[in-house]
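Hi everyone, thanks for coming.

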Amino acid sequence: MFDLDPVLMSRLITAMTLIFHIIFATLGVGVPLLICIAEFIGVKKNDQHYRMLARRWTRGFVITVAVGVVTGTAIGLQLSLVWPNFMQLAGNVISLPLFMEVFAFFFEAIFLGIYLYTWDRFKKPLTHWWFSLPIVIGGALSAFFITTVNAFMNTPDGFTMENGQFTSINPIEAMFNPATTSKVIHVLSSSYLTVAAILATIAAFSLLKKKQSEYHKKALKLTMTLVFVFSILTALAGDISAKFLAEHQPEKLAAAEWHFETEEGADLVLFGWLNNEDNPVGAIRLPGLLSFLAHGDFESEVTGLNEIPEDERPPLWVHYMFDLMVMIGMFLIAVSLLYIIVSRIKKWDQHNKWMVRLLFLSGPLAMLSTEFGWVYAEVGRQPWILRGYMTVDEAATTSPQIGLMFIFFLALYIVLGTLCVIVLRKLFKGKPAEEELEKRYPTIEEGDKE
């Protein structure tokens, strides 16, 4: 048997688990809101295209929820197996939000079942729409509760440390720690943005492959409008997060920007690389912008990484994760704004192939941005698993079976990912929306179909 480093393998298992789960967690938060908005527009405008959007999105959502249940359970399992010392220390503090997250999921699942099986069963279509609201709320609450756990790991609060143990625990104070507000706002806004972008990609793909139907045009219009709205909100959330980091986790912000010396009027550093003296080379510098990002003042002082003990500095490669996340966010703002502008000018065709191809990139890039953001959030906290109290090395398991655990989790995600793709393909392949519209809503006027 190979002599594996338990800490390294523990990191790899957690990275693999989170990278896979975040896909389904993001869908679980964002899709309900898109379904809710689409059906509401369909009911208010008496437009069956939007109601069909809500129907078909709901079918796909059910599959991703089922997979998300398993991946969420796997996260709880790997926490206990891979980070036993952390769970022993902090388990009784984070148990409340973990329990509440399960409650929020069941709340969402119950109303999802009701929503799914009560289509066309009410005289007033708006009655059915009301059942979508608890699903939206349940998804948001799930994100809130699980995000408070991550926030607690960044800014632990709500306890007293005595003899190496947490005592006098206040679980509410632990949940509403200093990082909670900024993290929850960022997670929710970015989840809604990512899902809107993914659904826009699906619509764009259909327009590229098929004749340009009114159904897919309306899907693209709705999703790209929401991409613009949520990309602006996510940018504002990022600004809030940066100001939080400047105050509470200056080392994470400094590592992201390769900011080594404490100084006023600090530059924002984009990309580049570090030479042997840890000086950025080939980077784009935006004068004073880091100071503005950190404190809202172009001349404010920003703490440098040299102020932080060497053994408490995050890995410097998180700089690239931060830059990629921000650049993709700016791309989404630009491309969604371009689509809106072009669609307003009658002489221009917002559905030309080059525009649609550009829009097609939105979904994959948005999901990559989410992944980059979480990598930055987690690795940027290193070397701490619980900032100021326990390092990753102290928390990791020493089990000699860590290699088998890695293989088990890897096999699980390969199977889940494969099954998810197969089922979704079976669900929609050969069943175009246009045919379903004709069968279910034969009264749609011919002028509404192209």
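I'll talk about a pocket, then a serine, then the cysteines.

Quick housekeeping: this is a predicted model, where local features need pLDDT of at least 70, side-chain atom pairs count only at pLDDT 80 or more, and totals for chains, interfaces and linings use all residues. Residues are numbered from 1 along each chain as its sequence is written, and side-chain values use heavy atoms, with hydrogens and water left out.

So, what lines the second largest pocket? There are 37 lining residues, and I198, L199, I202, L424 and F428 are the closest to the centre. By type, that lining splits into 23 nonpolar, 8 polar and 6 charged residues. Nonpolar here is Ala, Val, Leu, Ile, Met, Phe, Trp, Tyr, Cys and Pro; charged is Asp, Glu, Lys and Arg; the others, Gly among them, are polar. Helix α7 gives the most, with 8 residues; helices are DSSP runs of H or I, at least four residues, numbered from the N terminus.

Staying in α7, that's also where S189 sits. Is S189 buried or exposed? S189 is buried, because its relative accessible area is 8%, and buried means under 20% with a 1.4 Å probe, protein chains only. Its side chain reaches the backbone oxygen of I185 at 2.9 Å. Leaving out residues up to four places away in sequence, S189 touches F230, L233, T234 and A237, where contact means heavy atoms within 4.5 Å.

Last, the cysteines. C36 counts as buried at 8% relative accessibility, and so does C420 at 7%. The structure holds 0 disulfides, meaning pairs of cysteine sulfur atoms within 2.5 Å.

Conventions
1 Å grid on protein atoms, 1.4 Å probe; cavity = no way out; pocket = protein on both sides within 12 Å on 5 of 7 lines; lining within 4 Å. Helix = DSSP H or I, 4+ residues; strand = E, 2+ residues; numbered from the N terminus. Buried < 20%, exposed > 50% of the residue type's maximum accessible area, 1.4 Å probe, protein only. Polar contact = N/O pair within 3.5 Å; in protein donor to acceptor, adjacent residues only side chain to side chain.
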